[in-house]
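Me: I've got a structure open and I'd like to go through it with you, one question at a time. Can you keep it simple?

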Amino acid sequence: MQKLLDFYRSKMESNRDLLVLLLIGGLYSGGIFLSNTFVNIYLWKQSSDFVTIAIYNFSISIFQTVAFVFAGRLTKKIDRIVVLRLGVFFLSLFFLSVLIIGEHAAEFNFMLGSMLGIGYAFYWLAFNVLTFEVTEPDTRDFFNGFLGILQSLGGMTGPLFAGFIIAKMTDNIGYTVIFAISFFLFACAVGASFLLKRRGAEGVFHFRRILEERNHNRNWKRILHAHFFQGLREGIFAFVISIWVFLVTESELALGTFNMFLSGLSVIFYMIATKFIKPAMRKKAILFGGLLLYFSIFIILFEINYFLLMVYAVVIGIAYPLITVPYVSLTFDVIGKAWKAGEMRVEYIVVRELFLNIGRVLSILIFLAGVKFFVAEDVIPLVLTVLGGGHIMIYFFVRNIYLGSSKRKEILMKDQITDEKNR
């Protein structure tokens, strides 16, 4: 254990901006995980309608897709740290709006989702570009793994704390408290951004050219298709499972406990994955993690109770780190070796997010069609079974990615190239 701690300490001490960026990522994770799960529950308690929740999540994905392109264009014109602050501003505005609207939030589900989607796009675009610029080839797996640990810690403590607060307070006062705390954490993230060295913008935004690059670069095409299928699973799993947990338990505290088990295991396995999954093992880890994620669905598909939900949480808590750490690193290796990766890093991130969000949008549209024309309780298990295979499909695209070796450190040299997020 001491060797593992020394490993992380040596990495952080060697790069100040990397440490600051991890701090910002940690504050963001704390704010999001504290409240975001419970926004879906908040809307559900007001509407008791899957369509309302799905439209809220649909608007997040739609506006995130459009805003990513706009944020990419803006990032090529102004300091990307300003773009990061704009993202946090929209996220703060979202929680402030929820606080003001209160018990009528379900009536404004599309508007609230649009603000959150814009905030996500600006934040993650800037965060990813900054990640490209503050990491080196030998710190990529470390950064992705440590960020995963911070996200898991946020996912472990945030929902549990929020569930406890909500359970102890009456008349939805607990929701007001946790939304206010999230607002404060985002304000701290803005403050931390002033510790980063300013990074000027330059160049023209060549979005269409990098979109067409998939016709010239097979590795780029494969990784984009992998991200589409990733989004296909994430679209509905982002909200259906949390609603199921709440329906079974009728308790926000139980939902928080569910997330604590999930994220607690993820913390451990993110550390293990970061330390032991080497580049040569990435594809096997992606396959194994994808299979675990898919077959975990069948734990809760035919019978659902709180015990089975906790077993499900344990399995996916192990599976996500196994697939995320190598998958994220492989994605940025592909980008790093792509055509003009240094000057086109913003465009590569935007196009990647475009494919990811197209998958999410299609997933939610399929869900909406299903619950509109069929009985929700009958069609949801079928939709989960079909779309839940998205992470398995990732392997069938990345298995044919071959990057070769390079003596030049052309990937992620400071102010030159590339790296990525989780969510």
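Me: Which residues line the second largest pocket?

Reply: First, a note on the source: this is a predicted model, where local features need pLDDT of at least 70, side-chain atom pairs count only at pLDDT 80 or more, and totals for chains, interfaces and linings use all residues. Residues are numbered from 1 along each chain as its sequence is written, and side-chain values use heavy atoms, with hydrogens and water left out. A pocket here is found on a 1 Å grid over the protein atoms alone, as an open set of points where a 1.4 Å probe fits, with protein on both sides within 12 Å along at least five of seven lines, and lining residues have an atom within 4 Å of a point. For the second largest pocket, the lining is F50, W244, L247, V248, I300, L301, I304, A376, E377, I380 and P381.

Me: What is the volume of the second largest pocket?

Reply: Grid points are joined across faces, edges and corners, and the volume is the space filled by probe spheres set on those points. Done that way, the second largest pocket comes out at about 190 Å³.

Me: Which helix gives the most to the lining of that second largest pocket?

Reply: Helices are DSSP runs (H or I, at least four residues), numbered from the N terminus. Helix 9, helix 11 (282-301) and helix 14 (376-387) each supply at least two lining residues. With 4 residues, the top giver is helix 14.

Me: I380 is on that lining list. Which residues does I380 contact, leaving aside neighbours within four places in sequence?

Reply: Contact means heavy atoms within 4.5 Å. I380 is also one of the two residues, with F258, that touch the most other members of the largest nonpolar core, a set of 143 residues. Such a core is made of buried Ala, Val, Leu, Ile, Met, Phe, Trp, Tyr and Cys residues joined through side-chain atoms within 4.5 Å. The contacts of I380 are F50, V240, W244, F367 and V371.

Me: Is V240 buried or exposed?

Reply: Buried means under 20% relative accessible area, exposed means over 50%, and partly exposed is in between (1.4 Å probe, protein chains only). V240 sits in helix 9 and touches F367, I380 and L384, not counting residues up to four places away in sequence. Its relative accessible area is 0%, so V240 is buried.

Me: Is the pair of W220 and Y348 stacked or edge-to-face?

Reply: The ring centres of W220 and Y348 are 4.9 Å apart and the planes are at 80°, so this pair goes down as edge-to-face. W220 is in helix 9 (residues 218-249) and Y348 in helix 13 (residues 345-373), so the pair ties together parts that are 128 residues apart in sequence. W220 is buried at 0%, and Y348 is buried at 0% too. So, for the ring pair, the word is edge-to-face.

Me: And is the pair of F258 and Y312 stacked or edge-to-face?

Reply: Here the centres of F258 and Y312 are 6.5 Å apart, with planes at 10°, so the pair counts as stacked. F258 belongs to helix 10 (residues 252-276) and Y312 to helix 12 (residues 306-336), so parts 54 residues apart in sequence get tied together. F258 is buried at 4%, and Y312 is buried at 2%. The label for the pair is stacked.

Me: Which ring does the charged end of R209 sit over?

Reply: A charge sits over a ring if NZ of Lys or CZ of Arg is within 6 Å of the ring centre and within 35 degrees of the ring normal. K283 does this over the face of Y402, at 4.2 Å from the ring centre. For R209 the distance to the centre is 4.1 Å, and the ring belongs to W339.

Me: Where is E250 found?

Reply: Most residues other than glycine have a negative phi. The phi of E250 is near 55°, a positive value in a residue other than glycine. E250 is exposed, with a relative accessible area of 66%. Its place is the loop between helix 9 and helix 10.

Methods
Rings of Phe, Tyr and Trp (its six-membered ring) pair if their centres lie within 6.5 Å; planes under 30 degrees apart count as stacked, over 60 as edge-to-face and the rest as tilted.
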